[in-house]
Amino acid sequence: MNRKQVSYCVAEHYFVIDAPANVFELMTNYVPFETVVPSGGQPLFTLYVNEPRTSLDIVTEDWKTVYADNREEDMPRIEIYRRNTDWLVCEAVSRDSETCLQITADEDFSHCQLTFLDNNERPNGYTRFAIDNATMLLFAFTSLHYATLEMHASVTVRGDYGYLFLGKSGTGKSTHSRLWMETFPDAWLLNDDNPIVRLKADGAFVYGSPWSGKTPCYKNDMRRIGAFVKLVQAPYNKMHTLRLPEAYAYILSSSSGLKIVPEMMDKLYDTISRLIQTVQVYGLECLPDTAAARLCAEEIMHKE
């Protein structure tokens with residue numbers, strides 16, 4: 001079996017994927033992030049990808065359920081189990097579909113194996129879905145220890161700053177980014193679904209990633225964060241500054257992480273607490289029009 005091992009750098013963090021060589025032909029979204037881990041560098045995790053199977057292992061009774069998310073019909077279903085110090089993650093494309101991937105990992109998620117179903121009825125089977133969901137999950141879990149957040153947001157850049165638009169699915173995050181780009185000739189999209197936020201000694205920064213939802217936007221770039229903006233649909237345009245408790249709650253709800261693990265939650269809480277004291281968080285009740293984009297930009301620029 002011909003295999004390859006490729007290293008990547010996202011938000012100045014490294015990870016490694018070891019997989020059958022043909023798998024990398026489908027991973028075009030990762031190409032801008034390919035790198036060589038420097039001498040002495042330590043990857044967040046190494047993911048070993050197995051050949052696709054016709055069936056997955058049965059979850060036995062010795063695996064204890066620690067998390068199960070089946071809430072949204074059109075979103076992937078995820079179940080997480082633990083046995084002693086090992087982890088097992090099972091995921092499906094949607095709430096009611098069969099489990100199509102399994103990840104086994106050691107205690108700190110640094111060494112992991114991915115197994116997924118072979119499915120000839122899907123283009124490329126489950127390969128792309130499995131790789132993307134495994135790496136997103138592992139990156140979120142392991143980067144938390146370094147003041148890093150994987151977020152659900154759309155990010156538009158103007159000049160030296162990136163602006164993160166937050167909101168529930170269907171709120172209009174992508175639409176608001178598009179409106180900024182239609183309104184301001186210098187605006188461009190950094191990422192449309194899963195940017196990475198990192199708090200460093202000299203401030204807070206947002207990075208592109210290999211994961212961008214339905215929009216193919218995989219830029220290996222970064223900007224200082226200009227603001228977070230929580231979007232809410234309304235029949236008018238109105239913007240205000242969020243109080244710290246509300247800002248904290250919304251950043252938390254927009255961040256990925258295994259919130260049932262105390263060590264991870266401590267890191268998540270600490271990072272968000274420091275982040276909202278570094279970057280302004282706004283609420284924008286708005287229509288999907290260019291007037292909303294102008295109001296948002298004017299309010300932010302006035303207070304920068």
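What covers the buried residues of H3? Strands E10, E12 (161-166), E16 and E18 (281-286) do so, along with helix H4.

## The model and its terms

This is a predicted model, in which local features need pLDDT of at least 70 and side-chain atom pairs count only at pLDDT 80 or more, while totals for chains, interfaces and linings use all residues. Residues are numbered from 1 along each chain as its sequence is written, and side-chain values use heavy atoms, with hydrogens and water left out.

Helices (H or I, at least four residues) and strands (E, at least two) are DSSP runs, numbered from the N terminus. Buried means under 20% relative accessible area, exposed means over 50%, and partly exposed lies in between (1.4 Å probe, protein chains only). Contact means heavy atoms within 4.5 Å.

## Helix H4

Helix H4 covers residues 262-275. Its 14 residues reach 20 Å from first C-alpha to last, close to the 20 Å expected at 1.5 Å a residue. The expected span is 1.5 Å times one less than the number of residues.

Buried in H4 are Met264, Met265, Leu268, Thr271, Ile272 and Leu275. Seen down the axis, the buried residues of H4 fall within an arc of 135°, so they line one face of the helix. That arc is taken from the directions from the helix axis to the C-beta atoms. An α-helix has 3.6 residues a turn, so residues three or four places apart point the same way.

The face of H4 turned away from its buried side carries the exposed residues Pro262, Glu263 and Asp266.

H1 is mostly covered, with 16 of its 17 residues buried. At 1.5 Å a residue, H1 should span 24 Å, and its end C-alpha atoms are 24 Å apart, which agrees.

In H3, the buried residues are Ala247, Tyr248, Tyr250, Ile251 and Leu252. H4 is part of what covers them.

## Ile300 and Ala227

Ile300 sits in helix H5 (residues 290-303). Ile300 is buried, at 0% relative accessibility. Leaving out residues up to four places away in sequence, Ile300 touches Tyr163, Trp180, Gly226, Ala227, Val229, Met239 and Tyr282. Ile300 and Gly226 are 74 residues apart in sequence, yet 7.7 Å apart in space, C-alpha to C-alpha.

Ala227 belongs to strand E16. Its relative accessibility is 0%, so Ala227 counts as buried. Beyond its neighbours within four places in sequence, Ala227 is in contact with Gly162, Tyr163, Leu164, Val279, Gln280, Tyr282 and Ile300. Ala204 is 23 residues from Ala227 along the chain, and 10.0 Å separates their C-alpha atoms.

## Two alanines with positive phi

Most residues other than glycine have a negative phi, and most peptide bonds are trans. Ala11 has a phi near 55°, a positive value. Ala11 lies in the loop between strand E1 (3-10) and strand E2 (13-20). Ala11 is buried, with a relative accessible area of 3%.

Ala147 also has a positive phi, about 50°. Its place is the loop between H1 and E10. Ala147 counts as buried at 11% relative accessibility.

Arg178 is in helix H2 (residues 173-183). At 38% relative accessibility, Arg178 is partly exposed. Leu189 lies eleven residues from Arg178 in sequence and 8.2 Å away in space, C-alpha to C-alpha.

Pro216 is in the loop between E15 and E16. Pro216 is exposed, at 67% relative accessibility.

Of the 14 residues that line it, the closest to its centre are Gln42, Pro43, Leu44, Phe45 and Tyr146. A pocket is found on a 1 Å grid over the protein atoms alone, as an open set of points where a 1.4 Å probe fits, with protein on both sides within 12 Å along at least five of seven lines; lining residues have an atom within 4 Å of a point.

The lining divides into five nonpolar, seven polar and two charged residues. Here Ala, Val, Leu, Ile, Met, Phe, Trp, Tyr, Cys and Pro count as nonpolar; Asp, Glu, Lys and Arg count as charged; the others, Gly among them, count as polar.
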